[in-house]
Amino acid sequence: MTTPTAPLSFRPATESDVAVLVGLYDGAARWMLDTGIDQWRPGDKDAAHFRARIADGEVWLALTAGGAVAGAYELWWRDEPAWGVRPPEAGYVHRLMTDRALAPAGTGRALLAHAERRIADAGRVLARLDFKASSPGLRAFYERAGYAVAGEQPFKAGGSGSAYAVVLMEKRLGRERPGSAAGPVSQGR
């Protein structure tokens, strides 16, 4: 795993971070388009999206030593649109994004590692994620981080009402630890 070239700290996002999250998402979407990754489009996730995710689940920021936001991710405790109804054995990583101008090398992996620790600390043994099947570069990134393909969901509904295929990937985090929490306080997305 690539270690960031500079130390990062993490904190939960708050309402005051919504504009930063929208900008981070749009910047990551532009970078994806510029590099041929068919995943996100600028403007697809607005302030209302991030407000809802902050209120209903977990959104985490990665900060540089100077306090600048280098990246973020969403952590959901269920993901029925992609994975169907499942037992509470996993956490679902969404919207993993970095600021390409500020983030030190290895920030994406550091974000994944932080999400995996949060999931394991909640007593869950799998980290799961999905991405558009038309994005082989993302598959390679996640495979290098230890994720394996668990299947494909050919008809995930998008925010615009259209359906698209996604690759489902997961990583086993290890055995549940005795005395670990049964799950997160909020079971929302």
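Analyst: Among contacts in the chain between residues at least 6 apart in sequence, 67% join residues at least 24 apart; a contact here means heavy atoms within 4.5 Å. Please keep in mind that this is a predicted model, where local features need pLDDT of at least 70 and side-chain atom pairs count only at pLDDT 80 or more, while totals for chains, interfaces and linings use all residues. Residues are numbered from 1 along each chain as its sequence is written, and side-chain values use heavy atoms, with hydrogens and water left out.

pLDDT is the predictor's confidence in each residue, from 0 to 100. The chain averages 86, and 85% of the residues score at least 70. Over residues 176-189, however, the pLDDT is below 50.

Now to the rings. A search of the whole structure finds six aromatic pairs. Rings of Phe, Tyr and Trp (for Trp, its six-membered ring) pair if their centres lie within 6.5 Å; planes under 30 degrees apart count as stacked, over 60 as edge-to-face and the rest as tilted. One of the pairs is Tyr 25 with Trp 40: the ring centres are 4.6 Å apart and the planes stand at 25 degrees, so this pair is stacked. The pair links distant parts of the chain, because Tyr 25 sits in helix α1 (residues 18-34) and Trp 40 in the loop between α1 and α2 (47-56), 15 residues apart. Helices (H or I, at least four residues) and strands (E, at least two) are DSSP runs, numbered from the N terminus. Both partners are buried, Tyr 25 with a relative accessible area of 1% and Trp 40 with 7%. Buried means under 20% relative accessible area, exposed over 50%, and partly exposed in between (1.4 Å probe, protein chains only).

Phe 141 and Tyr 142 show another arrangement: with centres 5.1 Å apart and planes at 70 degrees, the pair is edge-to-face. Elsewhere, Arg 100 lies over the face of Trp 31, at 4.0 Å from the ring centre. A charge sits over a ring if NZ of Lys or CZ of Arg is within 6 Å of the ring centre and within 35 degrees of the ring normal.

Leaving aside neighbours within four places in sequence, Tyr 142 is in contact with Leu 96, Leu 112, Leu 129, Phe 131, Tyr 147 and Met 169. In soluble globular proteins, nonpolar side chains tend to be buried together. The largest nonpolar core here has 44 residues, and those with the most contacts inside it include Tyr 142, Tyr 147, Tyr 73 and Leu 112. The largest share of this core, eight residues, comes from α1. A second, separate core of nine residues includes Trp 76, Ala 90, Val 125 and Val 166. By nonpolar core I mean a set of buried Ala, Val, Leu, Ile, Met, Phe, Trp, Tyr and Cys residues joined through side-chain atoms within 4.5 Å.
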